[in-house]
Amino acid sequence: MRPPLPPFTHETSVQKVRAAEDAWNSRDPARVAQAYSLKSEWRNRSEFLTGRAEIGAFLTRKWAVEREYRLIKELWAFEGNRIAVRFAYEYLAAHGAWIRAYGNENWEFDEDGLMRRRIASINDLEITDAERLFFWPLGPRPADHPGLTELGL
C-alpha cells in the first residue's frame, strides 16, 4: 500500500503531490518506480510505457541526460481516485543549455494508492542561467522554497 489512499481529499491530494515531487527530486529510478502499479500505463510526451521495469528504465535514461534536475509539482484538481497536477522542472542539458520543462499530468490510482495511469504533456523552453528559478541543493525542495504559483509560473 502507498498512502494516502483514494478517495482523495484536498489535504491527501496535496500530500500525494508532494510525495511524488520529493521522490522525483531524488532522481532514484527504483524509488520513483515503486509508486506505480506493476502494470502502470504511462504516456510521457510521445513515449508510451507499461509497467515498473519500463518506467525505471525510462527514468534511468532521463536522468542520465537531464543533469542538475529540480522539479516543482502543484495540485491542479482532484476527484475520487484521480489527481491532476501542473509542474515545471529545470535541468542542464547535455549540450550545455539550461532547459525549463512545463507540463501537466493526469494521475489515476488503484485502491492501494499506487498510480496505475500517468498521462503527461510536456513542453521545453531553453532558458539562460539568469532566468533560472530553482536553486536549492539537489534533492527534495525545501519546505520554505516558493511553489509554482509564488514563482509566477
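**Sheet, cores and spaces**

Modeller: A101 stands opposite D124 in β6. This is a predicted model, in which local features need pLDDT of at least 70, side-chain atom pairs count only at pLDDT 80 or more, and totals for chains, interfaces and linings use all residues. Residues are numbered from 1 along each chain as its sequence is written, and side-chain values use heavy atoms, with hydrogens and water left out.

Biologist: How many bridges join strand β5 to strand β6?

Modeller: Strands of a sheet pair through backbone hydrogen bonds, either parallel or antiparallel. Two strands count as paired if DSSP finds at least two bridges between them. Strands (E, at least two residues) and helices (H or I, at least four) are DSSP runs, numbered from the N terminus. Here β5 (residues 98-109) and β6 (residues 115-127) run antiparallel and are joined by 12 bridges. β1 and β2 also pair in the antiparallel sense, over 4 bridges, and W42 stands opposite L49 in β2. Their hairpin has 2 residues between the strands, and R45 takes a positive phi near 60 degrees there.

Biologist: In what order do the 6 strands form the sheet?

Modeller: The order is β2-β1-β6-β5-β4-β3, in an open sheet with mixed pairing. β2 (47-50) and β3 (67-79) are the edge strands, each pairing on one side only. From one strand to the next the twist averages 20 degrees.

Biologist: Which strands does helix α1 touch as it packs on the sheet?

Modeller: Contact means heavy atoms within 4.5 Å. Axes are lines fitted to C-alpha atoms, for helices over the stretch in contact, and angles run from 0 to 180 degrees between N-to-C directions. Helix α1 (residues 10-26) touches β1 (36-44), β3, β4 (82-92), β5 and β6, and its direction makes about 165 degrees with that of β3. Helix α3 (residues 52-65) packs on the sheet too, touching β1, β2, β3 and β4, at about 50 degrees to the direction of β1.

Biologist: Which residues have the most contacts inside the largest nonpolar core?

Modeller: In soluble globular proteins, nonpolar side chains tend to be buried together. A nonpolar core is a set of buried Ala, Val, Leu, Ile, Met, Phe, Trp, Tyr and Cys residues joined through side-chain atoms within 4.5 Å; buried means under 20% relative accessible area, with a 1.4 Å probe and protein chains only. The largest has 30 residues, and W24, W42, L59, I83, Y89 and W107 have the most contacts inside it. Its suppliers of at least two residues each are α1, α2 (29-33), β1, α3, β3, β4, β5 and β6, and β4 gives the most, with 5. A second, separate core of 5 residues includes I72, A88, F134 and W136.

Biologist: What lines the largest cavity?

Modeller: Rolling a probe the size of a water molecule over the atoms shows where empty space is left. On a 1 Å grid over the protein atoms alone, a cavity is a set of points where a 1.4 Å probe fits but cannot get out, and lining residues have an atom within 4 Å of a point. Grid points are joined across faces, edges and corners, and a volume is the space filled by probe spheres set on the points. The largest cavity holds about 60 Å³ of space. Its lining residues are W24, N44, K62, Y69, L71, K73, F87, Y89, E105, R118 and I122. The largest share of that lining, 3 residues, comes from β3.

Terms used: Buried means under 20% relative accessible area, exposed over 50%, partly exposed in between (1.4 Å probe, protein chains only). On a 1 Å grid over the protein atoms alone, a cavity is a set of points where a 1.4 Å probe fits but cannot get out, and a pocket is an open set with protein on both sides within 12 Å along at least five of seven lines; lining residues have an atom within 4 Å of a point.
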